[in-house]
Amino acid sequence: MEGQYEEKTERNESDQTVEEVLTVVLGETLKRRRLELGLSMEKLSQLSTVSRGMLGLIESGKTTPSIGILWKLSKTLRIPIGEMIPDLFSQSPRFLASNEGKVWASQKNPIKSRVLYQEERERFNLVEWILEQGKLTQFQHLPQAHDIKIYQVSGTSKIKLKNKSFQLEVGDSLFFPISELDSIENGSNIPVKFLWISTKKFR
């Protein structure tokens with residue numbers, strides 16, 4: 001898969017708000033911490049007294065927890081509230097303009113990606129992907145020891161895993177091991193955008 005780095009990418013007016021992105025990243029951070037501690041979602045629910053259903057919504061990035069719920073999870077997971085969101089948001093303000101960030105564009109495939117945030121040793125990556133009409137099938141260059149969450153920002157994507165396919169609409173998210181990914185497809189003639197959240201496995 002050949003590609004080249006560029007300096008700019010166009011911004012789509014249908015981009016999700018910063019608050020929505022924060023919600024997705026928060027959910028992924030809490031899930032990663034839960035796995036670090038070897039807790040099932042059921043066990044975390046028992047220890048924190050936060051319902052299993054609410055935990056599912058938080059981890060999938062579909063709801064923003066109240067400060068009360070964050071406090072319970074903070075104590076149970078032994079992680080300060082200020083560290084529940086990566087330092088892209090929790091430390092000094094860092095502004096990333098729409099034409100900034102490392103951009104990778106493939107010459108052979110209809111894909112462009114822009115790195116929004118990357119932790120040291122790539123334990124956590126937040127990448128914006130824009131997929132033109134077509135199908136992407138080559139993922140061997142990506143870290144295979146990572147779990148992936150795709151959050152659909154605009155348009156519709158068809159995600160095919162080894163044993164199942166999923167149709168993602170705006171606001172949907174899908175979590176899976178990178179080793180299970182077979183293809184990502186955009187069947188329309190309008191570019192689609194999604195967030196690619198990659199985290200190193202802890203299980």
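**Aromatic contacts in a predicted model**

User: Which residue lies over the face of Phe175?

Analyst: This is a predicted model, in which local features need pLDDT of at least 70, side-chain atom pairs count only at pLDDT 80 or more, and totals for chains, interfaces and linings use all residues. Residues are numbered from 1 along each chain as its sequence is written, and side-chain values use heavy atoms, with hydrogens and water left out. A charge sits over a ring if NZ of Lys or CZ of Arg is within 6 Å of the ring centre and within 35 degrees of the ring normal. At 3.5 Å from the ring centre of Phe175, the residue is Lys31.

User: How many aromatic pairs are there?

Analyst: Rings of Phe, Tyr and Trp (its six-membered ring) pair if their centres lie within 6.5 Å; planes under 30 degrees apart count as stacked, over 60 as edge-to-face and the rest as tilted. By this rule, the count is two.

User: How are Trp129 and Phe194 arranged, stacked or tilted?

Analyst: The two ring centres are 5.6 Å apart. With 35° between the planes, the pair of Trp129 and Phe194 is tilted.

User: Why does this pair tie together parts that are apart in sequence?

Analyst: Strands are DSSP runs (E, at least two residues), numbered from the N terminus. Trp129 lies in strand 4 (residues 124-131) and Phe194 in strand 11 (residues 192-200), so the parts they join are 65 residues apart.

User: Is Phe194 buried or exposed?

Analyst: Buried means under 20% relative accessible area, exposed over 50%, and partly exposed in between (1.4 Å probe, protein chains only). Because its relative accessible area is 0%, Phe194 is buried.

How values were computed:
Helix = DSSP H or I, 4+ residues; strand = E, 2+ residues; numbered from the N terminus.
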